Amino acid sequence: MPFLMVSPHPSPPFRPPASGTVLAFDFGLKRIGVAVGETLLGRANALTTIEAETNEARFAAIARLIEEWQPALLLVGLPLSGAEHEMTARCRRFANQLHGRFGLLVTLIDERLTSAAADAELREAGLDWKTRKKRVDALAARHILQDYFDA
């Protein structure tokens, strides 16, 4: 699982925090899924989905989560599918904005198939598409974070 670090000081090599809370984001143009976990426990939990329309409202919601959870690290899922594309660039920009606004270490992590895995999990639970759509992003963020913990 490749990790990329967004930080003004790329040296020394990235070392994840030994302990502390981690927030993970499944960035999307309409919704941002959020998951939370503690590095010592290595267990991710879906937290919420941010559905605000404006960037200011999105970042205000994120600021409230950061204030509440006091994370040591932020993760952003990066859609890697070979070549860079528009969504990859948007995720990188979102990660840079998180770092710039909150001054926290932000790591990009390969998120391939996390949304598909989340949707399959919800489908297996017998949820209809409308219900799955409301929950899939936070669950995808949970998959991103759990993949990070498991790596």
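I call a residue buried under 20% relative accessible area, exposed over 50% and partly exposed in between, using a 1.4 Å probe and protein chains only.

**Ground rules.** I am working on a predicted model, where local features need pLDDT of at least 70, side-chain atom pairs count only at pLDDT 80 or more, and totals for chains, interfaces and linings use all residues. Residues are numbered from 1 along each chain as its sequence is written, and side-chain values use heavy atoms, with hydrogens and water left out.

**Salt bridges.** I counted a side-chain nitrogen of Lys or Arg within 4 Å of a carboxyl oxygen of Asp or Glu. My search of the whole structure gave three.

Helices (H or I, at least four residues) and strands (E, at least two) are DSSP runs, numbered from the N terminus.

Next I checked glutamate 56 with arginine 101, at 3.4 Å between the closest N and O atoms. This pair links helix H1 (residues 55–69) to helix H2 (residues 86–102), 45 residues apart. Glutamate 56 is exposed at 52%, while arginine 101 is partly exposed at 42%.

Then I turned to arginine 90 and glutamate 86, which meet at 2.9 Å, N to O. Both lie in helix H2, four residues apart, about one turn of the helix.

**Strand S6.** I noted that five of five residues in S6 (residues 106–110) are buried. Val106, Leu108 and Asp110 point one way, Thr107 and Ile109 the other.
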